[in-house]
Amino acid sequence: MSATLKRSVKVMRSAVHKTIKRRKLAYCHNIKINSALDELQSFYDRIDKKKFTDTPITDAVANSYNEFAEAVSQLQFFIDSIDENNYSKNIILQKPDYYIKRIIAIKQSINEKFEKLNLDFNPPFDKPEKYDMSDEYDDISKLKTIVLSEFEKEEQDKILPAIDNYLAEIQQALGTKSEIFLNSAEVRTELEQFSSYFVRANEFEIGSQISTNPQIATYLGTQKNTSKPVLIQKLNFNERISVGLFKKFKLQIEVLSKCKHFALCKLIGITNSEPYYIITEYYPESQSLFSFLHEKASSITETNKLIIALGVAYGMAYLHSIGVIYRNLKSPNVFLDSDFAPHIFNFETSRFSDGSSRFTPKVGTLNWMAPEVYLSDFYTKKSDVYSYGMLLYELLTQETPFKNKTELQIINKVFSQKYRPNLPEDNNKSICDLISMCWDQDPDKRPSFPEIVSFFEKGDTFFDKTNTNVFSQYMKKCSKDPRIMISCFNIKEVSKENMTTFVNYLTTIDQKDEDLLISCFHIVMELMSDDNWQLYIVNSSIPNLISYQIRECSSQKLSEVLIQVCHILLKTHSYDELNKNLLFSEGLMNIFCMFGCSSLKNYINTLLLALENDNNKPHIKDQFFMKISQFMLIMDQSIAFLSFKLIKYLFDNEYDLNSAMLSSVIPLIFNNLIPNTHDDEQILMILEFLETLQKSSNFIVQMNLFDTKSVLLELIHHKQYSYRALKVLSRCCTVKKCTEIFAINFTKSFPRLINNFENTNQSHILLLFIFTSIMDQRVVYKIVMNNKEILLALNHCLMNNDLVVVLISLKICFSLISHEKNNAIFSLLYPTFIHLLKSSDRVAITASYCLSSLILNKVVYDHDFTEILDFICNSFQSSDNTLILSSLKLCGSISQTYKGTQTLAKHNSLISYLVSLIDNETVQYTCLSVLLSITAYIPFISSMEECIEKMLMISPHSQSYSLVSSIFSNMSVSPQGSVCLCPYISKIADRLIHSKEQSQTASLAAIERIVSAPETHEIIIKADNYEWVKKLLIFLNTPHVCTVFNIMFYVSTIYCDLCDIISVQDVDFYINQLLNNPDINQGLYFKLTRLRYYLE
């Protein structure tokens, strides 16, 4: 890759990476920001893997890379403009739709700049001009919440109208989106559960329309056979019914079908074919409570008001008992019959609630609406109690709540500043006290409707001047309805009398009356939380009744409640007392097998509790165990995990589980449970359990634990679970090769992980072990080379006081240095390696290997080697050959440069140690290799004279034999070296016979330099031994012929009687052959002719 291209690509990658890192800075508009950054992250992953080596590069293309980077940076600046420090200013300055328009413009700009790069993959953003408006609605709704909670009123008045208008535009746009539709057959199927309410449309006469809702219009009507007025809600649609519209219609039917209470408007019927009607009781508007309070004020008495207050409380208590939250309680939705008895009407906004549901905010009418309904999407039945408090205020004062306040004033003063209307101080004190409790800002401090009913029934709360006889008659009439007793059962005021009544009534309820049964069992569960009533219930007929209901149960909702009751009974009383009637009964097993996820969770909890209290381990049948395993596959995650806990309990407590049972469940745990579990503690529990099973490693191999987003890697970052996660992950790494993406993620996380586990040696060991296991992925090296923090983290480990941590860290460092040569980033570690030379032998050996690689790869070359040389000398005195070898290798690395060799040569004691090590056969070859490197730069060192004889004694069969010839050749380059070698010239010639060609070349070159050096002539003459020359004749028929004749020539100039040793016939053939070669140089020609002359 050219330098220009490399620089341009780096700029592009850097801009994208910096922008992605801004993800957590956005204080608002998070959905659109995160969506854009997700696409940018995907693009970054692609360019990170892209090879640009073949891409042509011009100045224009290089400039295009810079333009692309600038376009990406615009997104970065945009995110910065809405961080925690800047967001408020920008919200005030910009229109609500500015942000989505700006995001789209930036995306389009980035794509346009990308197109100019002519790269062979897709641009960063797919269809940048399109955006999911439902996400925009969520973003702007959250923005509104921020404004309401954090801005001053003056600023809110400026911003909120624009935000509200924009939200309305989005809602309108969303309303036009394409939807899924139902045909008439599908509608009939959906309505079949309400078949008992089916009527024909022609039984009713439809009149004038009284509502403007275009989807579910409301008409006045008449039931033909009774002439009674009715209210008809008609489902309006063009050709097909959308799923969303039908869902609203069906939900209203579902709520109305359960309103079997005198204080609630009754459902008369529904049609299951076109036209689709909901027909309910009708009370004319003139009979609404609102009308009586504000238009016919004189006709309503204090007694009427008290009956209305209690009747509405009765109705609301019943709704809440069957799990319905009304959401729009106000005087226009309460109608009065001829006796002034109230009937709650209009269930369009009612929804089922389990206490943890989230709902659409701002449902209802502001004047009666609870603050939490406006400010959030999480509210409970206590929101209805707030509205009831406003209704009581309206009854008391006959004034509409906040009638003189605008909507904005109500939002600011009532919802945010806790403003409430003034209450009279001189009368109706008990009613005022109840109102104050009901409209408390904190929902938890508001009373429940059963408590409110109790206040009225006991006479604690009343309107002044009430006719108590009339009121008592109303209560007596209501008490005949068992639903009143059940829905208004006040758990805080229970007596033996009403307990007896309750238990007796419970035994008479029709099995088909599911809602009433469920309400009763909820009361049983509440009573079980009171120590005073636990024993009473256990000794009553309730356990037998529950056993009967379990056997006869055919409803999923009822089965869930029954299991909950069983669970509570088991928690409060022993297994032995209740098992015969409850656990493992045929009915309970049928519930388990018949109904899905709703009842299973509580069933397993119940079973676990029972097993924990059972001293006699019940036999677990294969069929039962297999059923549990199956539910792990088909149920939701929380239930699947409970199934696992049950299996783990059985295994840990040594129940008789055969291998077939375990083999059926383990693959399910791996392939279904782990990938879908998002709870860290659960994942660890699962993995650690599986690790304890025989052959569990085989299943680890089958399970893809190293996917793109490794749960194990995420767990390591949690201090609470980190060490356990490390143990599991290290175990997995031993039995399965990790993926490249896991290696990338772990490597990038390594510095942070090391810091997280500071001073935790065992954790560091596991982290380093995992690091070593991922190093077969080449991408790891690339990441390390570009991330200084990783090397600093390794350096931190190198300075650890734990021997194992240091050794593994050194092993990793050595692998990195050896793989990525000539990378200057490793110089960071040089001082630490020097420091480690003073540690134990094992550490020092590995540190010396790392230093050898650094020096050999020229990562460090200007450093002072004094400390290294001291270490080498000390090591040479050791009896540990491994330490000596590592020091020799370090010494050899230093000798690869002239400066290094000079440093070694000046260290006389080091050379002496080297010479002394020649006798050590284990380190001999390495020692001679070092001497060879030294003599290549400095041919003669006086200390080496004493090692010549030692080298000549080395056996021809030794690996070191060939090195000796090369050392002699290097030494002979220097006149002093030739003088030292001269006395051994005959022995050097003897070595030629046993040498390989390369060694022969080196030895002959050494002999040639010795005999040609003037300084050696006198020594040769004194020795008067020329027989060795004869040994050279065998090399005349080899490529060394010229070197041999040169040697003979120089010897003939010293010893004129060479002809006594070699005859002209021995050499004449070869001399003629060379002389007849037209390419012979003049110097050799002269030497050959003179040599022939001397020999003749």
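Ile868 touches Tyr830, Ile834, Leu837, Leu851, Ile855, Leu890 and Ile894, leaving aside residues up to four places away in sequence; contact means heavy atoms within 4.5 Å. The model is predicted, so local features need pLDDT of at least 70 and side-chain atom pairs count only at pLDDT 80 or more, while totals for chains, interfaces and linings use all residues. Residues are numbered from 1 along each chain as its sequence is written, and side-chain values use heavy atoms, with hydrogens and water left out.

Ile868 and Leu914 touch the most other members of the largest nonpolar core, which has 143 residues. Such a core is a set of buried Ala, Val, Leu, Ile, Met, Phe, Trp, Tyr and Cys residues joined through side-chain atoms within 4.5 Å. Buried means under 20% relative accessible area, exposed over 50%, and partly exposed in between (1.4 Å probe, protein chains only). Helix H38 supplies the largest share of this core, nine residues. A second, separate core holds 139 residues, including Ile278, Ile307, Tyr386 and Val453. In soluble globular proteins, nonpolar side chains tend to be buried together.

Leu914 belongs to helix H44 (residues 908-916), whose buried residues are Leu910, Ile911, Leu914 and Val915. Helices (H or I, at least four residues) are DSSP runs, numbered from the N terminus. Down the axis of H44, the buried residues fall within an arc of 140 degrees, so they line one face of the helix. The arc is taken from the directions from the helix axis to the C-beta atoms. Their cover includes helices H41 (866-876), H42 (881-894), H43 (898-906), H45 (921-937) and H46 (948-952).

The structure holds 18 aromatic pairs. In one, the rings of Phe746 and Phe750 have centres 6.3 Å apart and planes at 50 degrees, so the pair is tilted. Rings of Phe, Tyr and Trp (its six-membered ring) pair if their centres lie within 6.5 Å; planes under 30 degrees apart count as stacked, over 60 as edge-to-face and the rest as tilted. Both Phe746 and Phe750 are buried. Phe742, Phe746, Phe750 and Phe771 form one aromatic cluster.

Charged groups also meet rings. The charged end of Lys413 sits over the ring of Tyr419, 4.6 Å from its centre. The charged end of Arg991 sits over the ring of Tyr961, at 4.0 Å from its centre. The criterion is NZ of Lys or CZ of Arg within 6 Å of the ring centre and within 35 degrees of the ring normal.

Notes: Helix = DSSP H or I, 4+ residues; strand = E, 2+ residues; numbered from the N terminus.
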